[in-house]
Amino acid sequence: MRSFFSVLVLLLILAFAKTSIAADPSAIYKSKCALCHGAKGEGIKNMAPPHKGNKFVIEGKPEEIKKTILEGRIGKAKKYKEYPVDMPKNVMPDADAEALVKYLKTDLQK
């Protein structure tokens with residue numbers, strides 16, 4: 001079951017991988033993150049942790065968050081081991097990743 005969800009998430013991310021939406025970071029979030037982390041960043045049980053209220057998102061350095069978004073967290077690199085699904089890599093332009101980090105740290109936290 002875990003493999004199925006990991007593959008599903010990866011396929012969905014790859015389907016949108018080349019799309020640049022830098023003008024609207026909420027659209028980036030919706031297309032890249034919401035499937036696993038919830039439309040409002042609330043997290044999804046047994047899938048992925050919340051972004052809203054998340055200490056790593058709120059207090060983390062933007063460079064570390066961007067690295068996590070782009071490189072993912074798989075296996076031993078996972079921060080939240082209680083969630084069975086690995087966080088896959090995201091392919092997007094740096095400008096999109098930076099806009100997404102800013103959105104995660106500001107507007108999504110409201």
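Predicted model: local features only at pLDDT ≥ 70, side-chain atom pairs only at ≥ 80, totals over all residues.
Biologist: What does the side chain of Lys-78 meet in a salt bridge?

Modeller: A salt bridge is a side-chain nitrogen of Lys or Arg within 4 Å of a carboxyl oxygen of Asp or Glu. Here Lys-78 is paired with Asp-86 at 3.6 Å, N to O, and Asp-86, at 18% relative accessibility, also counts as buried. Elsewhere, bridges that share partners join Lys-66, Asp-94 and Glu-98 into one network.

Biologist: Which parts of the chain does the pair of Lys-66 and Glu-98 link?

Modeller: Helices are DSSP runs of H or I with at least four residues, numbered from the N terminus. The side chains of Lys-66 and Glu-98 meet at 3.0 Å, N to O, and this pair links helix α5 to helix α6 across 32 residues. Lys-66 also bridges to Asp-94 at 3.6 Å. Lys-66 is buried at 17% relative accessibility, whereas Asp-94 is partly exposed at 46%.

Biologist: Which residues of α5 are buried?

Modeller: In α5, the buried residues are Ile-65, Lys-66, Thr-68 and Ile-69. Seen down the helix axis, they fall within an arc of 160° and therefore line one face of α5, the arc being that of the directions from the axis to the C-beta atoms. Among what covers them are α4 and α6, with contact meaning heavy atoms within 4.5 Å.

Biologist: Where is Arg-73, and which side chain of opposite charge is nearest?

Modeller: Arg-73 is in the loop between α5 (62–71) and α6 (94–105). For charge, Lys and Arg count as positive and Asp and Glu as negative, with His and the chain ends not counted. Arg-73 is buried without a salt bridge, and the nearest side chain of opposite charge, that of Glu-64, is 6.6 Å away. The residues that Arg-73 touches include Phe-56, Lys-78 and Asp-86.

Terms used
Residues numbered from 1 in each chain as written. Heavy atoms only, no water. Helix = DSSP H or I, 4+ residues; strand = E, 2+ residues; numbered from the N terminus. Buried < 20%, exposed > 50% of the residue type's maximum accessible area, 1.4 Å probe, protein only. Lists of a residue's contacts leave out its neighbours within four places in sequence.
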